Amino acid sequence: MSADSLNRAFAALADPTRRAIIARLTAGEATVNELAEPFDMTQPSISKHLKVLERAGLVSRGRAAQTRPCRLEAAPLKEVANWVETYRSLWEERFDRLDSFLQSTHPKSTKGKKNVRKQ
Amino acid sequence: MSANNDKAIATALFEITRVFDTPRERVWRAWSEADQLQRWWGPKGCTIEIPRLEFRLGGFFHYAMKFAGAPTMWGRFNYREIVALERIVWLNSFSNENCGITRAPFSDLCPLEIENTVTFSERDGATTVALRAKPFGEVAAERQYFEDLRPSLEQGYGGTFDQLGEHLAKLSGR
């Protein structure tokens, strides 16, 4: 996988509908009809989203059956996951250093709380 | 959570949040002044030298990363948005010694540029720093293409971000 294809994968995943499609496909193959069902969208709109996912190599479609079921391509998703994990550890370390630095220059502060998630 | 935050989460894949028990103004300085950035920006095990810091819209932060016994690596920020005490948006990439953009010296798999957005908010003297990131490039065209569809998509899929996160975590064996 090249950096360009990683970019393409991220571009594809930037859209919430496409992430929803990916999430649905983690449960198994599905046809366009099945994918369109939970969305308030026409089938052609869903098909456009699928094309972006296909171009990014994240989804492939069966050739044999007329319904051409969609399925996930695990390898590129794993590349995305690897990048995210690498970037996460980079920032975990960086925030650790920032925390130490702030403490060393701001006597009143105590240990920072780690990884508090909002929402 | 504000609509802005919702939108941001819907368009970024990577998010990390940390609470620092330090007032916001102090944290902001750590992000905006060269002698402060030098002390923590890292990465681990390297000394940072900063030939250039223009902390303004369109300005560059250019830094050398010096590891013992290894060639110097260079990196740069290009600032795209600065709202004092609130947020900074910048493109981060590797660079040469003249601040020209380059690929990562160790891997072709690193995105050329990463768009980072950091926001700061303070409560009871503690500052929450939230960082979101995504590879930059090729994104704009496709995003524009789908912008027309967006209004019909905005509701009801908040949970999918978490699902995807879980799925990706599973893939990476966590």
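Biologist: In which loop of chain A is the place of A:Arg68?

Modeller: In this predicted model, A:Arg68 sits in the loop between strand 1 (59-61) and strand 2 (70-72) of chain A. Its phi is near 45°, which is a positive value in a residue other than glycine.

Biologist: Why is A:Arg68 called partly exposed?

Modeller: There are 13 other C-beta atoms within 10 Å of A:Arg68. A residue counts as exposed at 12 or fewer and as buried at 20 or more, so A:Arg68 falls in between and is partly exposed.

Biologist: Where does B:Cys99 lie, and what is its phi?

Modeller: B:Cys99 lies in the loop between strand 5 (87-95) and strand 6 (101-102) of chain B, and its phi is near 75°, again a positive value in a residue other than glycine.

Biologist: What makes B:Tyr79 partly exposed?

Modeller: B:Tyr79, in strand 4 (residues 73-83) of chain B, has 18 C-beta neighbours inside 10 Å and therefore counts as partly exposed. Not counting residues up to four places away in sequence, B:Tyr79 touches B:Phe55, B:Arg56, B:Leu57, B:Gly58, B:Gly59, B:Ile88 and B:Trp90. One of these, B:Leu57, is 22 residues from B:Tyr79 in sequence and 5.3 Å from it in space, C-alpha to C-alpha.

Biologist: Why are helix 2 of chain A and helix 4 of chain A called roughly perpendicular?

Modeller: The axes of helix 2 (residues 16-25) and helix 4 (residues 43-55) of chain A come within 10 Å and cross at roughly 75°. Angles of 65 to 115 degrees count as roughly perpendicular, and the two helices are therefore described in that way. Their contact is made by A:Thr17, A:Arg18 and A:Ile21 of helix 2 of chain A and by A:His49, A:Val52 and A:Leu53 of helix 4 of chain A. By class, these residues divide into 3 nonpolar, 2 polar and 1 charged.

Biologist: What makes helix 5 of chain A oblique to helix 2 of chain B?

Modeller: Helix 5 (residues 74-105) of chain A and helix 2 (residues 24-32) of chain B pack at an angle of about 120°, with their axes 11 Å apart. That angle makes helix 5 of chain A oblique to helix 2 of chain B, because the roughly perpendicular range ends at 115 degrees and the roughly antiparallel one begins over 145. The crossing of these two helices is right-handed.

Biologist: Which residues meet where helix 5 of chain A packs against helix 2 of chain B?

Modeller: A:Leu98, A:Phe101 and A:Leu102 in helix 5 of chain A meet B:Arg26, B:Val27 and B:Ala30 in helix 2 of chain B. This contact has 5 nonpolar, no polar and 1 charged residues. The buried residues of helix 5 of chain A include A:Leu98 and A:Leu102, and among the others are A:Trp83, A:Tyr87 and A:Asp99.

Biologist: How do you know that the span of helix 5 of chain A is close to the expected one?

Modeller: Helix 5 of chain A has 32 residues and reaches 46 Å from its first C-alpha to its last, and the span expected at 1.5 Å a residue is 46 Å.

Biologist: What joins B:Gly42 and B:Pro43, and what is omega there?

Modeller: A cis peptide bond joins B:Gly42 and B:Pro43, with omega at about 5°. B:Pro43 is placed in the loop between helix 3 (34-40) and strand 2 (46-53) of chain B.

Biologist: How many helices and strands are there in chain A, and how many in chain B?

Modeller: Chain A has 5 helices and 2 strands, and buried residues make up 34% of its 119 residues. Chain B has 5 helices and 8 strands, and 22% of its 174 residues count as buried.

Notes:
Residues are numbered from 1 along each chain as its sequence is written. Chains are lettered from A and ligands numbered from 1 in the order in which they are written. This is a predicted model: local features need pLDDT of at least 70, side-chain atom pairs count only at pLDDT 80 or more; totals for chains, interfaces and linings use all residues. Axes are lines fitted to C-alpha atoms, for helices over the stretch in contact, and angles run from 0 to 180 degrees between N-to-C directions. Helices (H or I, at least four residues) and strands (E, at least two) are DSSP runs, numbered from the N terminus. Angles under 35 degrees count as roughly parallel, over 145 as roughly antiparallel, 65 to 115 as roughly perpendicular and the rest as oblique. A crossing is left-handed if the near helix is turned anticlockwise from the far one by less than a right angle, and right-handed if clockwise. Two residues are in contact if their C-beta atoms, placed from the backbone, lie within 7 Å. Ala, Val, Leu, Ile, Met, Phe, Trp, Tyr, Cys and Pro count as nonpolar, Asp, Glu, Lys and Arg as charged, and the others, Gly among them, as polar. The expected span of a helix is 1.5 Å times one less than its number of residues.
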